[in-house]
Structure formats: C-alpha cells, structure tokens
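Subject: Structure for your review

Hello,

Here is the structure to look over before we talk. My notes on what was found in it follow directly below.

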Amino acid sequence: MVSDIEQQAADAASRYGWQGPFRTEAAAVSGMNNTTRIISCGKDKYVLRLYNNHGDADTVRLEHDMLKALSNKYLTFRIPSPVYNLDGSTITELPDGKLACLFTYIEGERPSPEKSAHVKALGAACGELSRILSGIKFKAASGYSPYYDLAETYASMDKASLLGLADSDAGIAERIPKLEYLQNERERVLQACKNVAQLPQQWIHGDICFGNALSIGDAISGILDFEFVTMDCRAMELAVLLVDLLKPELAIGSKERLELAARAFQTAVPLSSEERNLLPTLMKLRLLDVALHFAVRYRDGLDGPEVLADIVDNCAFGCEWLAFNPLDF
C-alpha cells in the first residue's frame with residue numbers, strides 16, 4: 001500500500017516534463033521540516049521537496065526569487081536551482097493543497113561539525129553568502145518574521161501552552177524543569193530584543209547549519225534550503241551557525257569550534273562590537289525559536305513527542321552552556 005507521502009511525491013513528480021522514465025527514492029538525509037525525495041532520470045538527478053511547514057505560495061515564491069537573484073552572483077559553492085513544471089511555474093500545488101518544488105541536484109555529503117576543516121569552511125561560506133545577501137534588494141516582505149520578533153511569532157505558544165504540553169506525554173512531562181528553564185530564558189531574552197532590532201539589518205538565509213550544507217573533501221560544495229530567508233540583523237546568520245555547534249555530543253571542544261567558525265565568518269563580514277557583544281543573546285534567540293517552533297509542530301500533530309523531547313534537551317543544553325561560557329570573538 002502506497003503511503004500518503006509517497007503518493008504526494010508521485011503526484012508532484014508527474015507534473016514535470018521528464019525526457020524519459022524516472023524513479024523516485026528517499027533521500028539519504030532529509031530535513032525535519034519538509035519531506036525530501038531524490039528523482040533520477042537518465043544521468044540527471046533532482047531533489048523534490050514537499051513543504052510540510054506551510055502552504056503559502058508567496059513564501060516559496062520569495063525563496064525562489066532569492067535563489068534567482070543569487071544565481072547571478074559569484075559564489076564558491078552551489079545553491080539550489082528551481083525547476084519549472086509543466087505549467088511554467090517553479091511551485092507545484094498538489095490536490096490536497098500541499099506545495100512541492102523540484103531542484104537540480106548538488107553533489108556532496110553533509111559536512112561534519114567534528115571536523116575542524118569543515119567548521120572553518122562552513123563559517124567562511126556563511127560569511128561569503130552573508131556578504132552577497134547584503135547587496136540584495138527586494139521590495140517583497142518575507143513570509144517569516146525576524147528572530148527578534150519572537151514574542152509575536154510564538155504568541156500562541158505562551159507559558160501556559162508550553163508547559164501544558166507535558167500533560168500529553170510522559171517523556172515531555174519529565175522535561176518540565178527544562179521547559180520552565182527555557183521559558184525563563186525566553187522572558188529574559190525578550191527584554192533584549194529591542195536592542196537586537198537596532199543592529200544592522202539585511203536579508204539572511206536564516207538556517208545555515210551542517211544539515212543544510214554539502215561538502216566535497218574539506219570544501220563546502222553547496223548551501224541548501226533557503227525556505228526561511230528573511231530580513232533580520234546580519235549577525236543572526238552567524239548566530240544560527242554557532243548554535244549548531246552547541247550540542248551535548250559536541251561539548252568537548254565547543255568553544256574552539258565556535259571561535260573557528262566565527263573568525264572564518266568575519267573574514268568576509270567583520271561584525272561591530274555591538275554585534276559581537278549581543279551574539280550570546282542572538283544564539284539564545286535561535287535556540288528558543290527552535291524550541292518553540294517544534295513545540296508548535298508537536299501541538300499541531302506534525303511531530304511525535306520524542307522529537308520535541310530531543311529538541312528541548314538540546315536547546316536547554318545550549319542556553320546553559322552560554323550562561324557559563326563567555327564568548328570573545
């Protein structure tokens with residue numbers, strides 16, 4: 001019996017003008033927010049994405065407009081290139097309202113945060129992209145709010161709603177102390193958001209991490225997933241990457257990795273003293289945004305409790321690490 005996801009992937013794939021038979025297979029690595037499938041046709045390979053977070057075509061259109069604008073810029077790595085469907089659009093709407101897109105395939109494997117060469121290379125690639133994005137001018141508004149709009153973005157996931165998630169699962173209930181800790185961090189960080197909003201603003205990718213990059217050898221070969229592109233303070237781009245290096249399994253050597261990535265980023269985008277001073281706050285904003293994002297997904301039935309439990313553990317660890325480890329870069 002064909003699952004709903006496989007049927008959706010088949011329906012989406014049928015909307016493109018293939019020059020021969022094609023086959024669809026699960027991607028070796030897929031993101032947590034969307035469904036990814038690899039499609040092969042002859043010697044050519046493509047990536048099919050099914051959007052699970054939303055059904056907003058305008059948000060996807062902005063993502064594709066950004067990719068088109070960046071395609072005219074010189075980058076040392078590749079970025080996704082949307083493929084047009086039979087209707088002449090890069091956005092495919094399925095009968096159930098879900099959106100899908102097809103992209104050309106980029107060669108490479110996921111870089112490792114445990115490999116210094118990859119940490120430095122991704123920091124440099126992040127800075128390179130940030131420098132290019134600073135010159136992009138769009139009149140269209142982003143479908144996603146800046147990170148410092150945390151209060152408005154997650155107004156529906158207030159304190160009572162967040163802690164109330166523990167009533168639905170024993171594993172979540174065990175994490176009530178961590179949920180309370182994250183809520184307290186949320187209240188403290190919200191007080192600093194006015195200062196964050198005064199930092200230099202520009203378009204940012206918004207989700208550069210090791211899971212959204214590809215490498216060949218020690219070099220970064222691709223930056224993926226521009227879904228969350230938005231106007232925000234430029235230093236947030238670095239903060240997002242640094243947070244990806246703050247995980248329990250990476251505890252040993254964390255500070256050295258953070259410094260390596262931050263220095264590589266600043267070879268392309270030197271940050272002001274104000275931006276550097278607020279980096280811990282920006283990193284906490286990212287951690288809290290991730291925790292609240294997956295809390296909403298769990299509430300809406302998009303993820304199981306084990307996903308949220310793992311997210312809560314990681315985000316609480318990151319906030320605690322920042323509380324005891326001052327940054328100086």
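Cys233 is buried, with a relative accessible area of 0%. This is a predicted model, and the values here are computed from it. Cys233 takes part in no disulfide, and the nearest cysteine sulfur, that of Cys193, is 9.4 Å away. For the structure, the count of disulfides comes to zero.

Next, the strands around β5. Strand β5 covers residues 99-104, and five of its six residues are buried. Strand β3 (residues 44-50) pairs with β5 in the antiparallel sense over five bridges. Within that pairing, Val47 has Phe103 of β5 as its bridge partner. Strand β4 (residues 92-93) also pairs with β5 in the antiparallel sense, over two bridges. There, Glu93 is partnered with Leu99 of β5. β4 and β5 form a hairpin with five residues between them, and Gly97 in the turn has a positive phi of about 95°.

How many cavities of 30 Å³ or more does the structure hold? There is one. The volume of the largest cavity is about 60 Å³. Its lining consists of Leu162, Leu179, Leu182, Gln183, Arg186, Leu288, Ala291, Leu292 and Val312. By type, the lining of the largest cavity divides into seven nonpolar residues, one polar and one charged. Two helices, α7 (176-190) and α12 (279-299), each supply at least two of the lining residues. The largest share, four residues, comes from α7.

The lining of the second largest pocket splits into six nonpolar, five polar and three charged residues.

Regards

Notes. Residues numbered from 1 in each chain as written. Predicted model: local features only at pLDDT ≥ 70, side-chain atom pairs only at ≥ 80, totals over all residues. Heavy atoms only, no water. 1 Å grid on protein atoms, 1.4 Å probe; cavity = no way out; pocket = protein on both sides within 12 Å on 5 of 7 lines; lining within 4 Å. Points joined across faces, edges and corners; volume = space filled by probe spheres on them. Nonpolar A, V, L, I, M, F, W, Y, C, P; charged D, E, K, R; others polar. Disulfide = S-S within 2.5 Å. Buried < 20%, exposed > 50% of the residue type's maximum accessible area, 1.4 Å probe, protein only. Pairing = 2+ DSSP bridges.
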